[in-house]
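Please keep the sequence and the structure in view while reading.

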Amino acid sequence: MATYKAVAVPAVPRLGERITQDTVYWRGYKTPVQIKEFGAINKIDFSPVPPYNYAVTASSRIHIYGRYSQEPMKTFSRFKDAAYCATYRDDGNLLVAGSEEGSIHLFDVSGRAPLRQFDGHTKPVHVVGFLSDKYRIFSGGDDYASYLWDIPSGTDIVSYSEHTDYVRCGCASKVNADVFITGSYDHTVKLFDARTKRSVMTIEHGQPVESVLLFPSGGLLVSAGGRYVKVWDVLKGGQLLVSLKNHHKTVTCLCLTSSGQRLLSGSLDRHVKIYSTTSYKVVHSFNYATSILSLALSPEDETIVVGMTNGVLNVKHRKPEERKEKSQKKRQPAYRTYVKGRSYMPKQEDFCVSKPVKRVLRKYDKLLKSFQSSKALDAVLEPPIRLYTPEVTVAVMQELHRRGTLRSALAGRDEKQINLLLTFVARRVIEPRFTSVLVTVADMITDIYQPVVGQSAIVDRQFLKLQEAIGKEIDYQEELLEVLGMMDTLFATFTQKRATCLEENKSNGLNRGY
């Protein structure tokens, strides 16, 4: 008797998420640590110098956290009301923050009391930051004004009142120490030069601007507002390069990786989208529990910190790469051990003794081997196989059809089993890798159980779902055929035109020759 051959499950391409290098990389961040703050977190900023602590601005406090600490290392609470936008200086020694009362506070990271207080705004200050020369501060507030402050003297250098609504975001150029940018709810982004008394560039975003970001090179500007993230070429006078609409609610924050190859955006739709800065396509996405207000990435891209409207701080650390520990090398066998016996030539009287290989058959293969068709089909309709490896279920159905026993395996089933079969077929019949087999199965089920239609509401409902799924698929195929027909017509037209042009050129050439 011939040896039984196990059912061959065909390797078909799986439909679903495409695993890319970005997917593997961003999934490398561990399970998040969640820290509860006193209020909505409006700003997170990492120190640019090791050990890369980060400042969290929430309610009337600024907390300084270590990268791996879950408790604040230091707290600045010298605010009468809410604090906004605590930002580090490039050397990590100073911290500046705005406030609800309209004043700006400058802190030494090693101290507690403010070093300086800048007064000039008449309404809350939501935007503060250092220029790249480290001795000046820019600010923007709800009084529509933007100021430039001198740190040593504590006075304002110049003020701008060009916005017509709240100034809610800003950033400074790392290339030019005199350039900073502000974004406002008047739908505009303005670029200011400290050496001039007016803005040098105005960009129309189209929606209230919630966040702006300047690339390290200073040539590209990113603005976020409404559902849009837009990229502008500053060197070409603010020309729009690309407009991204991947969020379905307001985008509130932006962030760049250390290499500048990836752009992150957080939104009130609870998602953080990660874009490639070469193609501007979404390469990965994170989902959070609540709307996102602030987002920051550590300088070494090892930690992602997200602040949410419910006051929860979500911290994800990247899993450390497995380091190969330097262990004492074990003494390896000598070279002659590996080559021993390689040159041996078998003699005529020699014979080879081989150990028989034990083959382990799966449950459905054992049942097929004993010709129990119905039980084999039941075995592959169990939840672990039916839900996670449907290709095995379809392969067994195909094998039963090849043997000519599929109809008998499908017949004689009760209401629950018919419901299970029809549910599987209706769900998987539209997948191209299974369609050819499951259409045959659906035909057989319909022929066998047509006389009992109307006796069970559950079975009738599944038949209707199957009919609806097949009907939708037929409609899609018809639409695709129509599109293919249109494209064939267009391609034929292009071909004819190209041929006509060539003929004309040839005829013109002949005429010239004559």
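The sections below cover the basis of the model, its salt bridges, its backbone, its annotated domain and its surface patches.

## Basis of the model

The model is predicted: local features need pLDDT of at least 70 and side-chain atom pairs count only at pLDDT 80 or more, while totals for chains, interfaces and linings use all residues. Residues are numbered from 1 along each chain as its sequence is written, and side-chain values use heavy atoms, with hydrogens and water left out.

## Salt bridges

Side chains of opposite charge can pair when their charged atoms come close. With a salt bridge defined as a side-chain nitrogen of Lys or Arg within 4 Å of a carboxyl oxygen of Asp or Glu, the structure holds 17 salt bridges. One of them joins Glu300 to Arg67, with the closest N and O atoms 3.6 Å apart. Glu300 lies in the loop between strand 26 (292-297) and strand 27 (303-308) and Arg67 in the loop between strand 4 (61-65) and strand 5 (74-76), so the pair ties together parts that are 233 residues apart in sequence. Helices (H or I, at least four residues) and strands (E, at least two) are DSSP runs, numbered from the N terminus. Arg67 is buried, with a relative accessible area of 11%, whereas Glu300 is partly exposed at 43%. In these terms, buried means under 20% relative accessible area, exposed means over 50%, and partly exposed lies in between (1.4 Å probe, protein chains only).

A salt bridge also links the side chains of Asp133 and Arg136, at 2.7 Å from N to O. Asp133 is partly exposed at 22%, and Arg136 is buried at 15%. Both residues belong to a network of salt bridges that also includes Asp178, Asp193 and Arg195.

## Backbone features

Most residues other than glycine have a negative phi, and most peptide bonds are trans. Pro50 and Pro51 are joined by a cis peptide bond, with omega about 5°. Pro51 is placed in the loop between strand 2 (41-46) and strand 3 (54-58).

Arg270, although not a glycine, has a positive phi of about 75°. Arg270 sits in the loop between strand 23 (262-267) and strand 24 (271-276) and is partly exposed at 32%. Tyr280, also not a glycine, has a positive phi of about 55°. Tyr280 is in the loop between strand 24 and strand 25 (282-287) and is buried at 15%.

## Annotated domain and surface patches

An unreviewed UniProt entry carries the annotation "domain: U3 small nucleolar RNA-associated protein 15 C-terminal" for residues 344-490. UniProt positions follow the numbering used here, feature names are shortened, and annotations may be inferred rather than shown by experiment. The span 344-490 is 70% helix and 0% strand, and its end C-alpha atoms lie 70 Å apart.

Patches are made of residues with over 30% relative accessible area and no salt bridge, with like charges joined within 9 Å and nonpolar side chains (Val, Leu, Ile, Met, Phe, Trp, Tyr) within 5 Å. Asp475, Glu478, Glu479 and Glu482 form a negative patch; Asp475 is in helix 10 (residues 457-513) and is partly exposed at 41%. Asp and Glu count as negative and Lys and Arg as positive, with His and the chain ends not counted. The place of a charge is NZ of Lys, CZ of Arg, CG of Asp or CD of Glu.

A nonpolar surface patch consists of Leu481, Val483, Leu484, Met487, Leu490, Phe491 and Phe494, with about 670 Å² of accessible area together. Accessible areas come from the Shrake-Rupley method with a 1.4 Å probe, and for residues only the protein chains shown count as cover. Leu484 is in helix 10 and is partly exposed at 47%.
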